[in-house]
Amino acid sequence: MPLFWLILVVLGMSAIGFVLGRQRALASAGGESRDLHSLPNYYGWNVALKAVVPAFLLLILWLIAQPLYVGSSVSATLPDSAVPEGSTRGLVMAEVRRTAEGLDNAVEQGLLDDDFATNARADFTDVTQRLKDAGQIVTAQITQPVLRAAQSYRVMNASGSFYMMIAVLLIAAAGFFFAVRETNAEFRARNVVENGIRALLIGAASIAILTTIGIVLSLVFNTYEFFTLYPASEFFTNLTWAPSFSGRGGGSDLGIIPLLWGTLYISIVALAVAVPIGLFAAIYLSEYASPKVRAIAKPMLEVLAGIPTIVYGLFALLTVGPLLVSVFGDDGLGWMQSGTAVMTAGLVMGIMLIPFVSSLSDDIINAVPQAMRDGSYGLGATKSETIKQVVLPAALPGIVGAILLAASRAIGETMIVVLGAGAAAKLSLNPFEAMTTVTAKIVSQLTGDADFASPEALVAFALGMSLFIITLGLNVFALYIVRKYREQYE
Amino acid sequence: MTDMPMEDAPVRGSLTQVDARTKKRNAAEKRFKAYGIGAILIGVAFLIVLAISIVRSGAPAFTHTVMDVEFTVTQEEFDAAEGELFKTKAYSNLFISKLAAQLEEKGLEIEIEEAAIERLLGKVGADIREFYRENPNALGTPQRFELSASSRVDGYFNGRVTRDTLVESRFLMLADLDLVDVLHEAGIIKGAFNWNFITGADSGVDNPGGAGIGASVIGSFFMMLVVLFLSLPIGVAASIYLEEFAPKNRFTDLIEVNISNLAAVPSIVFGILGLAVFIQFMHLPQSAPLVGGLVLTLMTLPTIIISTRASLRAVPPSIRDAALGVGASKMQAVFHHVLPLAMPGILTGTIIGLAQALGETAPLLLIGMVGFVARGYPEGVVAGFTDPNSAMPAQIYTWAARADASFYDKAWGGIIILLIFLLSMNILAIILRRRFERRW
């Protein structure tokens, strides 16, 4: 693993730099650290940081850029005739990559020699068979253009990695020597190092922005691509969801409305469970419970929020579903056909959301000033009258915010609906029928066999985009309400 | 005060007698309180039902049925079996004759067919042959074999397969159950702790009995290493900047808004990000713990930043002032004084963030950690990060999605293991907080 060693070498250089920089600074002051501008360690840090930071930045940029550059230049050398009818350049490139990887692995295991891997011609030798014999996964018959491309892909990658190593080492060495040379007693090492650290801190804080940009870009580009293959008007207005299974496009109905309806319906059921229970629990905990009861009951409810969603999903699929079927199924009331249904997923999701509603509402009810309660008691109201007529109206905006946050959780929840809600997209009012949601379809469209360039896979990005916008809108609105409410009583 | 004509006041009953309206109000008060208690009890009841159903359904995964037989194969028998044309068949027959002899000793008699043994134990002849070819010294001395029975025999013992519901198939016949009963009576078939479930790897669709969660625990471990080594330094650095250095300007506001929004983005969206950026764009290996770790890092960062900022804020300003007063730079005050004091809080927050990441499934589905059958442990440390592997929640999902109901036991058992990890992480966090937290 040369990358691993490269990182180790650069780190080693910076460690040596630390010692060297420190010594040189001390030597320039005649061994008297009081004559230095900064503490001796800062001179060491100066060299260490200058050796390691630019080198690692270059390394990261190179690692991102190289596959892009190599991919596009190899793709450009592929003749149009190498792209079969009904396929795309991207698919052929995936085959090229697989072939190159297969060649690499076979060489590494000593099953092929390097010369063969770089020069073999598919029209003379059966490369496909030889790679298969070497235990490599090759999906199709390797044609000459693909093999050519794979070979140049290998060569370019190998030389790219080699140049990267040299460039990174050069940058590290340059930083190292520059920093060692500028080291003397007058050098303001602490200011330089502190500015450098400050820049690193800003960089770390910016990762949040980068993540958002990454999310938005990856959604926007792929959604755009989807809309070039499938009309946007169809996507938003079509009332059926029926992707074709061939993965080759054509004949698919990809309307978001049935999925949105399923999402909404399941969320409504979940909130119908979570809001009353959560709200009453919050009221009891904040207004009635003794500190002792509160200390036990609150963490117990919050455990429900700490349980991974896969556990709830399994609970829905294997416990709640069969239980509901035994009551509402053909043996009982005859309303329910199978265990996976809106009711199953909604009920379990409701359980999961109880602590979200109760904790947030608890905080909000506690923020209502005591003076308002005292005023109500002074007029002779009972405790419950005070809560119903004074505390709750005062806390209402905050509680609505909390419910909206819970709703956004419910809409974005994946595992419970993937396991508990079923797979059929339907526009139905029967809560005992299986329905599906936006998140469940994102999972099924991206984990299936459809290739990434087909509308059947790309639709997942359009669904993700819709999901992102809806939850973001709900969150921003909810946080706005909660903040507004807090300001009111501060 | 002027005189109040007392006799004009309306007569409203006496203090000792409660009137109807007060009764109603008091009853409403009681009802309201009861609703609150009811809500809490329902919540707690859900928790208890969940816990019970996990433990009850998960326990069978930790036991399996084994056939525990001790017998001796002599050199002559070995040579005779090796001389036959169908060697494994010869060993099967050998095994059956030994078994029959033991049953006879105990006074039990039953016809043992070779096909029945194969249905119960799989290719037992091959296993025995393998053993004696590798250990020729064992010939002539009594050897003890623990052979695991098929998952349907497991099901018979834990009640999933009963005589009434059994559908005769090439996997299990009704007559086999008689044999199982006899062997059970003889103490040859019995339950044993299934170590393979904890240490083993996934087994593929047709062998629920051999499936284990060990390999995916390793996958999760490598993923958590990535999350820890990226999100802790980045999260702490970002929090220090925002809490101690950031000027109040547009850029800082932008970061703040981004962090609070990222904390609420559904986890599946992070999966889409990982798929598009790390796999499609950067061509990192699919299903690799490295990619899973990167995605989970981005997901946990907001959580860690929020808790780290809270613990930095909890360090009183007097500490900073004192450090600045004796000549420290702002950077020194933060790194030498504030950060060490905030460290217990930061670690607690990080552990809780890691626990959250450990249980997260949805993003892993999209980067291909489901559907990959982790058949073995990774070879070496680097391979642990880059070779395809599964992770605990992804493995549980894979099992839950398989058609064979025997895998459901495994899924529940996997959940028990996952929850044990989560529980110990949370307990560690609580201990850290109790032990080191300072109140100012």
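In chain B, the C-alpha centres of domain 1 and domain 2 are separated by 48 Å. These domains comprise residues 65–193 and 214–436, respectively, with bounds taken from an automatic or database domain assignment. The model is predicted, so that local features require pLDDT of at least 70 and side-chain atom pairs pLDDT 80 or more, while totals for chains, interfaces and linings use all residues. Residues are numbered from 1 along each chain as its sequence is written, chains are lettered from A in the order in which they are written, and side-chain values use heavy atoms, without hydrogens and water.

Chain A contains 17 helices and two strands, defined as DSSP runs (H or I, at least four residues, for helices; E, at least two, for strands). Its C-alpha trace spans about 85 × 75 × 40 Å along the principal axes. The radius of gyration of chain A is 31 Å, whereas a compact globule of 490 residues would have a value near 23 Å; the radius is taken over C-alpha atoms, and the globule rule is 2.2 Å times the number of residues to the power 0.38. Of the 490 residues in chain A, 49% are buried (under 20% relative accessible area, 1.4 Å probe, protein chains only).

Within chain A, A:Asn475 is placed in helix α17, which covers residues 455–488. A:Asn475 is buried, because its relative accessible area is 2%. Apart from neighbours within four places in sequence, A:Asn475 is in contact with A:Leu405, A:Ser408 and B:Ala264, contact denoting heavy atoms within 4.5 Å.

Methods: Buried < 20%, exposed > 50% of the residue type's maximum accessible area, 1.4 Å probe, protein only.
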